[in-house]
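Hi,

Here is the structure I promised to pass on. My notes on its helices follow below.

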Amino acid sequence: MRIVGIAGVLRPQAYVRRLLDAAALELPGSPALSRVTGLPGRSEPPEAGPPRFEVWEGLDRIPSARTGPIPAEADEFCRVLSAADGMVITVPGYNLLPEQLGHALDWAASPLAGGALVGKPVAVITSCVSPHEAIWAQTELHRLLGAGGAVVYGVDLTVLPGTRQFNVIGRLADPVARDRIRTALRAVCATAREDLAAKAALHTAGLPSPGNPAPGLVANPVPSPLSGEVPGLPHPQPAHAVRREPDVLPKRGHRRLRSDELLDPVDVAAGDLLG
C-alpha cells in the first residue's frame, strides 16, 4: 500500500512539514519515510500490505490552473496521485488555502487529470493556534478534493503556545492529537485496503481493473473548477460519498496566500521549540 504525503507549505522547517513527518509515524506499522519528486505508474498487481509512506516534494513547481493541455509538472503530480492508494495532506491554519497547494488540487480535480482523485482516501490535517481557526482551510480542501471524487477525512489540531510540539523522535508530544490523527489514518488505510482487495480479486479472475485512465486523457471526467475546458462532455458524480465541512467559503475579493508569503501563526506559537 502506497500513501503519499503533501505539506502545503514551501519553507523547509515549517511546522506543518514536521507535522506531516509525525503523521507518518502514526500509520499502521509506522512505515519508513521517504521523499520523492515523482512516482511511476503501477504496473504490477496491487498489494494490500503494510503502508509505505512517501512525501511528494514538487509543490513549488506546479503552475496555476489554466485552459489548454495539462503542463508537464501538473501531469507528473497527477501520475503521483494515480499511483498512490491514499493521501495525507497537512496545511497551516490560514484563513485561505496556500496558493501552490490550491493550484495542485485544481489540476488533480480537472478532467485532464484522468480521475486521479476518484475514490482516493485522503486525510486532511490542519493545525492552528485557536480551536476551529482552520475551518476555512478545511472547507476549501474538502471542496477541491470532493470535486475530484476523493473520500476525505478531516482532522483539525490545536497548537498550544509555549508547549513542546514534538518529542525527540519527531512524534507529536500530545497523545490526544496522536489519537485523532491515528483515527483518520486508520480510515484512510481501511478504505485503501478495500479498493486494493477489489482490484486484486479482479486481477486474479483475469478481469480488467476499473483503474484510472492515464493523466492527460479526458475520460469520464468528474466535476471540477476546470470543467469548462471540456465543453459538451458529461460530468458523472464522484464514485464515493465525500465527508464535507459546512458549506462556508471565503468572502469574494480575497486571494489565496502564497505558501512562502507569510509566517505560519503556528510556527510563531511554537517558537524555538521547533528546532
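Contact here means heavy atoms within 4.5 Å. Helices (H or I, at least four residues) and strands (E, at least two) are DSSP runs, numbered from the N terminus. This is a predicted model, where local features need pLDDT of at least 70, side-chain atom pairs count only at pLDDT 80 or more, and totals for chains, interfaces and linings use all residues. Residues are numbered from 1 along each chain as its sequence is written, and side-chain values use heavy atoms, with hydrogens and water left out.

Let me start with H2 and H3. Ala74, Phe77, Cys78 and Leu81 of H2 meet Ala104, Trp107 and Ala108 of H3. By class, that contact has seven nonpolar, no polar and no charged residues (Ala, Val, Leu, Ile, Met, Phe, Trp, Tyr, Cys and Pro count as nonpolar, Asp, Glu, Lys and Arg as charged, and the others, Gly among them, as polar).

H3 also touches H4. Leu101, Gly102, Leu105 and Asp106 of H3 are in contact with Leu141, Leu144 and Leu145 of H4; these divide into five nonpolar, one polar and one charged.

Then there is H5, residues 175-204. Its 30 residues should span 44 Å at 1.5 Å a residue, and the end C-alpha atoms are 42 Å apart, which agrees (the expected span is 1.5 Å times one less than the number of residues). Its buried residues (under 20% relative accessible area, 1.4 Å probe, protein chains only) include Ile181, Leu185, Val188 and Leu196. The buried residues of H5 pack against helix H1 and strands S1, S4, S5 and S6.

Happy to talk it through!

Notes: Buried means under 20% relative accessible area, exposed over 50%, partly exposed in between (1.4 Å probe, protein chains only).
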